[in-house]
Amino acid sequence: MKYRIVEQTRPGGMLAQVYREVLVPAFPPEELESEESLAETLETGLGSLLVAVDDTGRPAAAAFGHWWEASRVQMLANLAVKPGTRGHGLGGRLLRDAVDAWRERYDPCLIVAEIESPDARMVHEDYGDPRRRLGFYESAGARVLDLPYFQPGIGGASRRVQGMLLLVIHADPTFTPERLDRLSGKLLRAFITEYLAAAEGEPANDWDAKALFRAFDREGGIPMGRWGTRP
Ligand SMILES: CC(C)(COP(=O)(O)OP(=O)(O)OC[C@H]1O[C@@H](n2cnc3c(N)ncnc32)[C@H](O)[C@@H]1OP(=O)(O)O)[C@@H](O)C(=O)NCCC(=O)NCCS
């Protein structure tokens, strides 16, 4: 089967079909924003949906990116390949195309993704294996940030997802000033402040958030590397 990759930056188009056929089956509900919310991100000009379309015109894989304008960080919010199509290179191709498109358009300080820790148990085969998923991103050059990270709660702090990792897929060299394996805590602070407030609707001031923000102050920046080689 041959696939072509198309991008849309406006709502409508393939969004509803991609949401129903590719994203909903691939993510636990707490890790996936509503279709309306993705449409709103596209409507405000901050979204990018790349879709791998098969010969028959059906979506086989998709990547959704959210541009966090104030901190100049692009987040790969969702990347999924339909279960029967996984393991044949389509996810890797889509990730490369998405990163190329986003680097050219935004010139971002960072491109990040959040994934479940490989210590997490495999919830359902369709959601994928956390260990293999980390392997996928590391093969693409992503590095794991050494942070007590949680995914902000979509719609409120009570909906946070614990046990998540924040990955750096691309970092502008300006933000790794001293060492390539350390990332500027100031940049991460700006991004997480913006992201948390938007997702949860109120400033976060609890213990978990405080621990995360304290980690940004680490002298010399936040360590990042392969999962197995973290300090
Ligand atoms: C992770 C994912 C996007 C990779 O796409 P893909 O087309 O299968 O990947 P590729 O063929 O380009 O690369 C192969 C690698 O992908 C990973 N992979 C393949 N099948 C996988 C699965 N069922 N679960 C998790 N990772 C898988 C492995 O690392 C694999 O390398 P390996 O064979 O050496 O173990 C895809 O498997 C998927 O949709 N998983 C479920 C949703 C998800 O985890 N999304 C990422 C979080 S945003």
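How do the residues of the shell around the ligand divide into nonpolar, polar and charged? Before I answer, please keep in mind that this is a predicted model, in which local features need pLDDT of at least 70 and side-chain atom pairs count only at pLDDT 80 or more, while totals for chains, interfaces and linings use all residues. Residues are numbered from 1 along each chain as its sequence is written, and side-chain values use heavy atoms, with hydrogens and water left out.

The shell divides into 9 nonpolar, 7 polar and 4 charged residues, where Ala, Val, Leu, Ile, Met, Phe, Trp, Tyr, Cys and Pro count as nonpolar, Asp, Glu, Lys and Arg as charged, and the others, Gly among them, as polar. In total 20 residues surround the ligand, the closest being Leu79, Gly87, Gly89, Arg132 and Arg133, and a residue is near if one of its heavy atoms lies within 4 Å.

Let me turn to the polar contacts, meaning pairs of N or O atoms within 3.5 Å. A backbone N or O atom of Leu79 lies 2.6 Å from a nitrogen atom of the ligand, and a backbone N or O atom of Gly89 lies 2.6 Å from an oxygen atom of the ligand. For Asp129, a polar backbone atom is 3.0 Å from a ligand nitrogen. The protein covers 79% of the 850 Å² of accessible area that the ligand has on its own, as computed by the Shrake-Rupley method with a 1.4 Å probe.

Which elements supply the shell? Strand S4 (73-81), helix H3 (90-106) and helix H4 (130-139) each supply at least two residues, and H4 gives the most, with 5; these are DSSP runs, with helices (H or I) of at least four residues and strands (E) of at least two, numbered from the N terminus.

Finally, the shell draws at least three residues from each of domain 1 (1-107) and domain 2 (109-231), whose bounds come from an automatic or database assignment.

Terms used:
Polar contact = N/O pair within 3.5 Å; in protein donor to acceptor, adjacent residues only side chain to side chain.
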